[in-house]
Amino acid sequence: MKQKLAIAAALFCAQSLSVQADSNVSEGKELFSQFRCAECHGADAKKPVGKYGSVLAGMNTDDIFLKTKKFIESKSHEQVLQGCGEPPSHVQIKKMSDYLSTLPK
Ligand code: HEC
């Protein structure tokens, strides 16, 4: 009986996790334009604008997360900060990373 419950709980958790990932993707898309990342990295993160930015589409989500966090903390992305007043939070960066990692390269 206990075992059944544990299985049910595991299934439930797996399900709510995947729902969360889906909403991360759609929210991440909005955040990506809200924080004006697209101005340098291109609307679909595939066509960097001018000499700026690199292709982010299809990168590994953890990779994007760590690099974005590092750039923002080291202020290499200072225009991002200027443009929006406040830098994206870790939760927001995670959402953008999830979104970008789902894009085709
Ligand atoms: C002002 C232009 C500009 C904006 C706006 C901008 N970036 Fe960048 N981004 C760059 C440039 C230039 C690079 C190349 C690496 C560097 O900074 O030396 C880069 C690199 C990156 C990388 C590393 C890519 C790699 O191949 O390793 C990530 C991840 C990234 N940006 C995420 C973001 C996110 C997320 C946003 C929005 C919050 C954003 N950037 C907004 C210019 C920009």
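A residue is called buried here if 20 or more other C-beta atoms lie within 10 Å of its own, exposed if 12 or fewer do, and partly exposed in between, with C-beta atoms placed from the backbone. With that in hand, here are some notes on the structure.

1. First, the ground rules. This is a predicted model, in which local features need pLDDT of at least 70 and side-chain atom pairs count only at pLDDT 80 or more, while totals for chains, interfaces and linings use all residues. Residues are numbered from 1 along each chain as its sequence is written.

2. The protein chain has 5 helices and 0 strands, and from the N terminus its elements read α-α-α-α-α. Helices (H or I, at least four residues) and strands (E, at least two) are DSSP runs, numbered from the N terminus. Of the 105 residues, 22% count as buried.

3. Now for contacts, meaning pairs of residues whose C-beta atoms, placed from the backbone, lie within 7 Å. Among those between residues at least 6 apart in sequence, 67% join residues at least 24 apart.

4. Please have a look at the largest nonpolar core, a set of 12 residues that includes Leu31, Phe35, Leu56, Ile64 and Tyr99. Helix H1 (2-34), helix H3 (61-74) and helix H5 (90-102) each supply at least two of its residues, and H5 gives the most, with 4. A nonpolar core is a set of buried Ala, Val, Leu, Ile, Met, Phe, Trp, Tyr and Cys residues joined through C-beta atoms within 7 Å.

5. Apart from neighbours within four places in sequence, Leu100 is in contact with Ala45, Leu56, Ala57, Met59 and Ile64.

6. Two residues have backbone angles to check. Most residues other than glycine have a negative phi. Arg36, in the loop between H1 and H2, has a positive phi near 60 degrees. Ala45, in the loop between H2 and H3, also has a positive phi near 60 degrees.

7. Where is Gly53? Gly53 sits in the loop between helix H2 (38-41) and H3. With 17 other C-beta atoms within 10 Å, Gly53 is therefore partly exposed. Not counting residues up to four places away in sequence, Gly53 touches Cys40, His41 and Pro48. Its C-alpha atom is 9.3 Å from that of Ala38, 15 residues apart along the chain.

Terms used
Two residues are in contact if their C-beta atoms, placed from the backbone, lie within 7 Å.
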